[in-house]
Amino acid sequence: NKLSYALGQYEGVIAKVSPVLLTLFKPHLDEMEQAIAPGLTLLTWSSMNIDMYLASVHAALFKLDELVTKADDIVSNRIERNLEAIRSCLLVDLPEDGAPHASTGPERFVAMQKRRVAEQGAAMLSKHEEIEAAVNDLITIIATSPLQRPGSAGGRPATPGAQPMPPVDAAEAARIKAHFATAVYDAVLVATYRSLDELKTRVGSRASGGFLYLDRPFFEVNVNLTVPDISMSPSLEDIQEAVNHT
C-alpha cells in the first residue's frame, strides 16, 4: 500500500511538469526511476531491507516534488501572470461616451495614441524583462539542483551527499527560451488585436441610443454648407489618416 501510494504521488508530480520542461527535468526523473527500480526487479516483500527501500523512494519523491513545485511556481506566478498582464494591455486611448473630451480632433487623437503606446510599450517591456529573468531562473533552478548519489541495487537509501548535475545542453536552454519568447510575442499580438477591435468599435458607426440619447461622436467635425457644396473640417481623409497613423 505504501509503495502504491508513492507511485500514485509520483504520477501526480510528473503530471505537474510542463511538457516544454520535460527534457530539462530528465536527470531528476531518471533519478526517481532509479530509486523505484529495485522494487520492480530485485526486492521481494520478504526482503529484510524493504523499509529502507520505501524510505529511499519517499525521499526521492519528496525531493522531486519540491523541485517541480518550485518550477511550477515560477511558471505560474512569474511567467503566466506577466503574459496575462501583456495580453490585457490596451494600446489605444479611447475615452468613454459621456466622459470629458469624449470627442476629439485628428491631431489630438494622434497625440493621445502616441502617449498611450509609449506608456503601454514601457509596461510591456517591463513585463517582458520579468519573464526573461524568470525563464533564466527556471532553467538555473532545475539545472543546478544536485542529484543524490545512487544507492545499491539492494534498496539501500542513496549515499549521503550529492553529485553535480550534468551541464545543460545549450540547444535545450535556447529551445526553452525560444518557447517563452514566442509566448510573449503571442501575448503582444493578442493585445494588439484586442486594441484594434476596441478602436473599430469606438470609432465605427453604431446604431443610435434612442431619441432621447445619442452617443457622442468620436471625432469633432464642422460641416459647412455652401450651396450647392457641403464641406467638412477636418475632412474624412484627415480623419482616416489619423486612424491609420495609430
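Leaving out neighbours within four places in sequence, Q120 is in contact with C89, L90 and L91, contact here being heavy atoms within 4.5 Å. Q120 sits in helix α4; helices (H or I, at least four residues) and strands (E, at least two) are DSSP runs, numbered from the N terminus. With a relative accessible area of 16%, Q120 is buried, where buried means under 20%, exposed over 50% and partly exposed in between (1.4 Å probe, protein chains only).

All of this comes from a predicted model, in which local features need pLDDT of at least 70, side-chain atom pairs count only at pLDDT 80 or more, and totals for chains, interfaces and linings use all residues. Residues are numbered from 1 along each chain as its sequence is written, and side-chain values use heavy atoms, with hydrogens and water left out.

Zooming out, the protein has six helices and four strands, running α-α-α-α-β-β-α-β-β-α from the N terminus on. Of its 246 residues, 32% count as buried. Taking contacts between residues at least 6 apart in sequence, 73% join residues at least 24 apart.

On to the cores. A nonpolar core is a set of buried Ala, Val, Leu, Ile, Met, Phe, Trp, Tyr and Cys residues joined through side-chain atoms within 4.5 Å. The largest one holds 43 residues, and L21, F25, M32, I79 and L138 have the most contacts inside it. At least two residues of this core come from each of α1 (2-16), α2 (22-41), α3 (50-87), α4 (106-143) and α5 (170-203), with α3 giving the largest share at 15 residues. A second, separate core has five residues, including L90, V92, F109 and L199.

I79 is worth a look of its own: residues up to four places away in sequence aside, I79 touches I74, I131, A134, V135, L138 and F180.

From α3, the contact draws on I79, L83, I86 and R87, and from α5 on F180, A183, V184, A187, V188, V190, A191 and R194.
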